Amino acid sequence: MSDTARLCLVSGVPDGFPRVHGLALARTTVGRAQDCDIQLPATSLVSRLHFVIEREDVSDGSARFFLVDESCNGVYIDGERAPKRVRCQLRDGALLALGTGAHCIEPTTLRFAAPRRVGALGASNAPAGAAPL
C-alpha cells in the first residue's frame, strides 16, 4: 500500500511515456508545458497548464486532494465536467478525462489513487468524495 497519492495515465498517451506519477507536493501542476510537475503529451486538447492538484493536510494525519481546472478544453471527473477554477475534491479511483468532445477520438485519461493509511489494526482508510466544493 502506498502513503502517497498518485495519478496513473490510463489512455491517450504514447508507449514509453511515464504512466504513474506521485503527488507528494502540496500543489502539483499538470499539462503539456515543460515546467509542469507532470508533463503530458503535447496534443491540441491538452493545455499548457491543464489542471492543478492541491493537497490539503488534515489534523488526523490524512490528506484531501482537490483538482482545479485551468484549461481551455476542460477536465471531466467521472464523466462530469469540472467547473473552471473551482476546487473539486477527488475521491479514490476518480477517472479524469481531458478535453473530451465530438472531435476527440481518444482523450487523455488519468486515474486518481488516494494515499492508503494503515492503522494499528491494519485497516486501510482513504479520503472520499468527488463533488465541487
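Which residue lies over the face of Phe66? Select Phe66 and look above its ring: Arg87 is there, at 3.9 Å from the ring centre. A charge counts as sitting over a ring if NZ of Lys or CZ of Arg is within 6 Å of the ring centre and within 35 degrees of the ring normal.

Before going on, note that this is a predicted model, in which local features need pLDDT of at least 70, side-chain atom pairs count only at pLDDT 80 or more, and totals for chains, interfaces and linings use all residues. Residues are numbered from 1 along each chain as its sequence is written, and side-chain values use heavy atoms, with hydrogens and water left out.

**Stop 1**

Strands (E, at least two residues) are DSSP runs, numbered from the N terminus.

Arg64 is partly exposed, at 34% relative accessible area, and Glu56 is partly exposed at 24%. Buried means under 20% relative accessible area, exposed over 50%, and partly exposed in between (1.4 Å probe, protein chains only).

**Stop 2: the aromatic pair**

Select Phe65 and Phe112. The structure holds 1 aromatic pair. The ring centres of Phe65 and Phe112 are 5.4 Å apart and the planes are at 50°, so the pair is tilted. Rings of Phe, Tyr and Trp (its six-membered ring) pair if their centres lie within 6.5 Å; planes under 30 degrees apart are stacked, over 60 edge-to-face, and the rest tilted. Both Phe65 and Phe112 are buried.

**Stop 3: the nonpolar core**

Select Leu7, Phe51, Leu67, Ile77 and Phe112. These have the most contacts inside the largest nonpolar core, which has 25 residues. Such a core is a set of buried Ala, Val, Leu, Ile, Met, Phe, Trp, Tyr and Cys residues joined through side-chain atoms within 4.5 Å. Strand β6 (63-69) gives the most to this core, with 3 residues.

Finally, centre on Phe51. Not counting residues up to four places away in sequence, the residues Phe51 touches include Leu7, Val30, Leu67, Leu96 and Leu110, where contact means heavy atoms within 4.5 Å.

Terms used
Helices (H or I, at least four residues) and strands (E, at least two) are DSSP runs, numbered from the N terminus.
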